[in-house]
Amino acid sequence: MRTLMNTYNRLPVSFTHGDGAWLFDADGKRYLDALAGIGVCSLGHAHPAVTKAISEQAGKLLHTSNIYRIDLQEKLGDALAGVSRMESMFFGNSGAEANEAAIKIARLYGHHEKRVDIPTIIVLDGAFHGRTMATLTATGNRKIQAGFEPLVTGFVRAPFNDMAAINTIAHNNPNIVAVLLEPLQGEGGVRSPAADYLTRLRALCDQHGWLLMLDEVQSGNGRTGSYFNYLQHGLLPDVVTTAKGLGNGMPIGVCMARGKAAQAMHPGNHGTTFGGNPLACAVGLTVVETIVQEQLAQRAATLGERIRDNFRTALNKDVVKEIRGQGMMIGIELHRPCAELVSKALHDGLLINVTAGSVVRLLPPLIFSDEQADILCDKLSRLINAEHQT
Ligand code: PLP
């Protein structure tokens with residue numbers, strides 16, 4: 001620990017192995033994983049198809065370079081085009097890198113298509129887009145930005161779920177070229193905007209020639225009940241980013257685009273050494289195929305609803321402000337801060353997260369069984385109800 005940079009207040013546990021939705025520590029204690037590495041291991045731990053893809057590809061070829069064609073990258077691009085209806089992909093290694101690519105696309109589009117001098121992107125309060133300088137600037141949380149000034153220019157912030165505010169910006173700022181947002185905020189407290197917000201935003205983007213750029217780093221890959229969340233809104237964005245669940249633990253991220261946004265990049269504009277290497281793409285391809293073949297997005301929709309219903313019945317109404325989310329992205333907002341629930345749950349053999357101070361965030365693997373869902377509801381309801389009995 002002494003040799004690790006002081007970036008995390010780590011919980012006092014280290015896992016030795018996993019099996020599906022269970023994790024085990026060195027003493028053999030087992031933990032029900034209702035967080036999946038913060039929305040990453042959607043197929044659970046040690047999924048046989050993922051293990052096979054990694055070991056087979058590791059025996060063949062790990063890395064070449066993006067200066068050569070990479071067959072598996074092209075295959076993963078095709079598979080993602082099929083599930084996203086996007087046309088063109090740039091592969092990186094993380095969500096932040098995928099968002100960096102999106103921001104760079106918006107700037108190229110702004111300079112070359114819209115011919116504005118200071119291409120500017122609208123971002124939202126409560127957003128989380130990553131920890132690089134540009135993505136932490138886009139993030140709507142002062143705590144994440146503090147100390148890292150000067151921030152990157154070229155962003156304006158609007159309140160969450162407020163179309164009137166976006167209209168005002170449209171009226172006053174001729175430099176806007178894009179809007180970047182999560183269709184369902186994760187880190188910001190599992191918050192969805194009004195049902196018609198995204199369609200209204202799509203119409204406004206069309207009216208002004210702005211790019212609609214959706215960050216589905218957390219909400220993508222089946223988690224919210226469709227392969228990508230926007231597919232439930234009957235619209236297509238211009239740019240979509242995803243990462244987390246795409247690799248099930250293998251670092252991979254992708255920025256996907258269509259139309260004019262897909263034509264913004266040219267050789268020399270952007271690049272990466274590791275992004276989209278054969279190993280990462282072999283795993284990504286297996287993950288996409290497994291999510292589609294095993295209909296895990298549909299499973300996420302029904303199981304997520306069942307979990308929310310169970311909590312609605314089990315949780316004390318005086319304690320809980322709101323139970324919300326979509327699919328297996330679940331938020332339970334309490335009336336008061338509840339960070340201490342994380343260690344209490346850990347002690348009880350359950351892995352959860354608390355975000356935005358008072359929101360219990362659950363991102364269980366999509367392969368969760370009904371029985372595991374019941375264990376989760378049971379353990380967590382007892383903890384939450386007991387916590388606030390006083
Ligand atoms: N965007 C969203 C919506 C996220 O939830 C995250 C990570 O939590 C990121 C971007 C950043 O992804 P990464 O940590 O892989 O850079």
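Predicted model: local features only at pLDDT ≥ 70, side-chain atom pairs only at ≥ 80, totals over all residues.
Residues are numbered from 1 along each chain as its sequence is written, and side-chain values use heavy atoms, with hydrogens and water left out.

**Stop 1: helices α2 and α10**

Select helix α2 (residues 48-58) and helix α10 (residues 278-293). Helices (H or I, at least four residues) and strands (E, at least two) are DSSP runs, numbered from the N terminus. The axes of α2 and α10 come within 9 Å and cross at roughly 155°. Axes are lines fitted to C-alpha atoms, for helices over the stretch in contact, and angles run from 0 to 180 degrees between N-to-C directions. α2 and α10 are therefore roughly antiparallel to each other. Now show side chains. On α2, contact (heavy atoms within 4.5 Å) is made by A49, V50, A53, I54, Q57 and A58. On α10, the residues are P278, L279, A282, V283, T286, V287 and T290.

**Stop 2**

Keep α10 and select helix α3 (residues 71-84). These two axes come within 8 Å and cross at roughly 30°. That makes α3 roughly parallel to α10. From α3, pick L72, Q73, K75, L76, A79, L80 and V83. They meet P278, C281, A282, G284, L285, V288 and V292 of α10.

**Stop 3: the open sheet**

Go to the four strands in the order β11-β12-β15-β14, an open sheet with antiparallel pairing. Two strands pair if DSSP finds at least two bridges between them. β11 (320-326) and β14 (353-355) are the edges; each has a single partner strand, so one side of each is left without a neighbour in the sheet. Neighbouring strands here are turned by 25° against each other on average, direction ignored.

Zoom in on β11 and strand β12 (residues 329-334), which are joined by six bridges in the antiparallel sense. Click V320: its bridge partner in β12 is L334.

Next, bring in the helices. Helix α11 (residues 296-314) lies across β11, β12 and β15 (359-362), and runs at about 175° to β11. Helix α13 (residues 370-387) also packs on the sheet, where it touches β12 and β15. The direction of α13 makes about 165° with that of β15.

**Stop 4: strand β8**

Select strand β8 (residues 211-215). Are its residues buried or exposed? Five of its five residues are buried; buried means under 20% relative accessible area, exposed over 50%, partly exposed in between (1.4 Å probe, protein chains only). L211, M213 and D215 point one way, L212 and L214 the other. V179 has L212 of β8 as its bridge partner.

**Stop 5: T242**

Finish at T242, in strand β9 (residues 239-242). T242 is buried, with a relative accessible area of 0%. Which side chain makes a polar contact with that of T242? N221 does, at 2.9 Å. A polar contact is a pair of N or O atoms within 3.5 Å; within protein, one must be able to donate a hydrogen and the other to accept it, and residues adjacent in sequence count only if both atoms are side-chain atoms. The T242 side chain also reaches the backbone oxygen of E216 at 2.8 Å. Residues that T242 touches include A98, V217, G220, F228, G253 and V254.

How values were computed. Parallel < 35°, antiparallel > 145°, perpendicular 65-115°, else oblique. Lists of a residue's contacts leave out its neighbours within four places in sequence.
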